[in-house]
Amino acid sequence: MTKTEQTTPAKKTEEVIYNKVLNKHEYEFGGPIGVLALMIWSHYILFYFWYCLEKNNGGMIIPLSVDDLKFHLTEAATMIITKGAPSTKTWIAYALFFVVQIVLAAIMPGVTMFGLPTAPHGKKLPYHCNGYTAYYTCLFGLFLVDYLGIFPMNYLIDNYGEVLVASMLIGDFTALFWYLYGLAFADQYNGREAWTGNVIYDFFMGTILYPRIGEVDIKMIAECRWSWLTLMIITLSCAVRQFRDTGSISINMAFMLLAHWLYSNATVKGEHCIPCTWDMFHENYGWMLNFWNITGVPFMYTFQSLYILKNQSLIDATVPKPLMYFNFILLLTAYYIFDTANAQKANIKIRVRRSTFPQFSWADLDQPIRFIETPHGNLLVDGWYAFARKMQYTGDILMALSWGLSCGFASPLPYFYCFFFTSMILHRQWRDEIRCAEKYGEYWKIYTKQVPNVFVPSMAFWVYLFTGKHPAGPKVKKTA
């Protein structure tokens with residue numbers, strides 16, 4: 001690592017609050033029955049989307065009778081058996097991908113950040129944030145092996161069923177490994193305090209807080225690299241297949257390349273902000289985080305790329321070009337909101353500047369930064385957060401919508417990600433409201449009164465945008 005930065009220690013009062021929340025054994029997601037249903041549904045929905053792509057070019061398939069249902073179940077089973085059994089080449093490719101990610105995480109240059117103090121001795125675990133260099137090293141390697149004829153980039157899309165099933169099996173079995181590892185080795189400071197004693201629920205939520213191989217944090221690798229790099233590779237595979245079939249890449253496929261590059265690039269360029277997030281110091285690493293980062297995110301969120309590959313002629317005939325031009329504007333606007341809103345919060349806590357692209361001026365707020373000061377930490381009421389409390393999610397949702405719009409309107413399935421993601425965000429917002437109300441008490445009421453909007457900026461934003469007049473008035477620098 002070429003540079004080391006240490007984050008500012010959390011206040012003692014904050015640590016007490018976090019530990020209080022951490023030690024609660026309240027069921028989420030509907031308890032054991034709810035999480036079991038989610039695990040079954042997660043496998044089903046991935047197979048269903050694959051089946052719709054294979055049998056109906058990405059259009060919905062809805063059985064209208066018992067005989068119809070039997071027919072589709074038989075067809076689906078035949079498809080999985082004939083096209084879903086991973087070959088030796090697929091297993092080797094996937095194994096190499098996972099191993100390479102862990103090795104690169106250990107050796108590539110980057111910055112080393114330190115997480116919040118861990119109990120009981122206040123030790124700060126190191127996080128090697130080299131995802132940016134690892135990301136582009138991997139992409140370069142993929143283009144190189146394709147050019148040399150060793151491994152064609154279109155292999156993933158040409159053998160989609162094999163790759164999907166291999167990923168699902170890896171997601172399930174590695175989740176089982178970390179579940180058993182946590183049972184064997186986790187202590188009360190490394191995830192045990194969150195155990196409920198229910199096997200199904202603890203398998204889903206996780207039994208270990210800091211899953212590590214040496215100093216490589218598997219949770220961070222899963223959230224930043226296995227998930228979004230795989231997503232980018234699948235879309236690249238679709239684009240390469242389209243180019244090799246037609247001699248060109250369509251505007252719709254180019255849009256998805258840009259969209260998925262922006263998002264995957266953002267996860268690695270902002271990786272240094274992750275060590276002190278709630279996921280890292282609070283959420284155990286279980287099936288939910290493991291399976292969805294290994295399989296759910298890359299395969300569910302790339303449906304639009306596969307749909308475009310299957311339906312380009314239909315899209316050309318039904319989607320007007322002006323809509324795609326609008327969609328590019330929507331995507332770039334949404335990304336700007338997403339990037340700057342996340343950066344405004346992160347840059348206050350973590351004063352690290354990296355030579356990554358893209359960088360925006362409004363990512364750094366001018367001093368003095370407006371806060372509501374509380375005994376348990378400050379509440380940001382500046383930048384985007386003077387006008388809405390969750391603007392980072394607003395950008396996320398708008399990007400998800402733009403991904404669906406790139407496919408036109410012939411099928412609702414390309415919009416599933418947008419609806420699914422929005423539902424997940426609404427649930428997360430509900431959880432955040434409860435936690436923050438408990439943490440900040442009366443100060444949270446003051447905050448929500450001052451910034452009542454959650455996802456949509458208030459009218460004060462438009463006044464500020466066109467006149468420069470901030471609702472809180474001009475900033476006045478404190479004199480010594």
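Is isoleucine 81 buried or exposed? Isoleucine 81 is exposed, because its relative accessible area is 64%; exposed means over 50%, buried under 20%, and partly exposed in between, with a 1.4 Å probe and protein chains only. The model is predicted: local features need pLDDT of at least 70, side-chain atom pairs count only at pLDDT 80 or more, and totals for chains, interfaces and linings use all residues. Residues are numbered from 1 along each chain as its sequence is written, and side-chain values use heavy atoms, with hydrogens and water left out.

**Figure 1. The whole chain.** The chain holds 18 helices and 7 strands; these are DSSP runs numbered from the N terminus, with helices being H or I of at least four residues and strands being E of at least two. Of its 480 residues, 54% count as buried. The C-alpha trace spans about 70 × 60 × 50 Å along its principal axes. The radius of gyration is 23 Å, which agrees with the value near 23 Å for a compact globule of 480 residues. That radius is taken over C-alpha atoms, and the globule rule is 2.2 Å times the number of residues to the power 0.38.

**Figure 2. Two isoleucines, in helices H3 and H6.** Isoleucine 81 belongs to helix H3 (residues 66–83). Its C-alpha atom is 9.9 Å from that of glutamate 162, 81 residues apart along the chain. Isoleucine 157 sits in helix H6 and is buried, with a relative accessible area of 15%. Between isoleucine 157 and valine 240 the C-alpha distance is 9.4 Å, at a sequence separation of 83 residues.

**Figure 3. Strands E2 and E3.** Strand E2 (residues 111–114) runs antiparallel to E3 and is joined to it by 4 bridges; two strands pair if DSSP finds at least two bridges between them. Valine 111 has cysteine 129 as its bridge partner in E3. Strand E3 (residues 126–129) is covered on both faces, with Pro126 and His128 buried on one side and Tyr127 and Cys129 buried on the other.

**Figure 4. The second largest pocket.** This pocket holds about 610 Å³ of space. Its lining has 22 residues, and Ala93, Leu96, Phe97, Leu142 and Phe151 lie nearest its centre. Helices H4 (88–107), H5 (131–147), H6 (155–158) and H9 (218–246) each give two or more residues to the lining. The largest share, 10 residues, comes from H4. A pocket is an open set of points on a 1 Å grid over the protein atoms alone, with protein on both sides within 12 Å along at least five of seven lines; a cavity is a set where a 1.4 Å probe fits but cannot get out, and lining residues have an atom within 4 Å of a point.

**Figure 5. The largest cavity.** The structure holds 5 cavities of 30 Å³ or more, and about 50 Å³ of space lies in the largest cavity. Its lining consists of Ala105, His128, Glu215, Val216, Asp217, Met220 and Ile221. Strand E5 (216–217) and helix H9 each give two or more of these residues. Volumes are the space filled by probe spheres set on the grid points, which are joined across faces, edges and corners.

**Figure 6. Helix H16.** The 25 residues of H16 (residues 416–440) reach 35 Å from first C-alpha to last, close to the expected 36 Å; the expected span is 1.5 Å times one less than the number of residues. Its buried residues include Phe420, Phe421, Arg431, Asp432 and Arg435.
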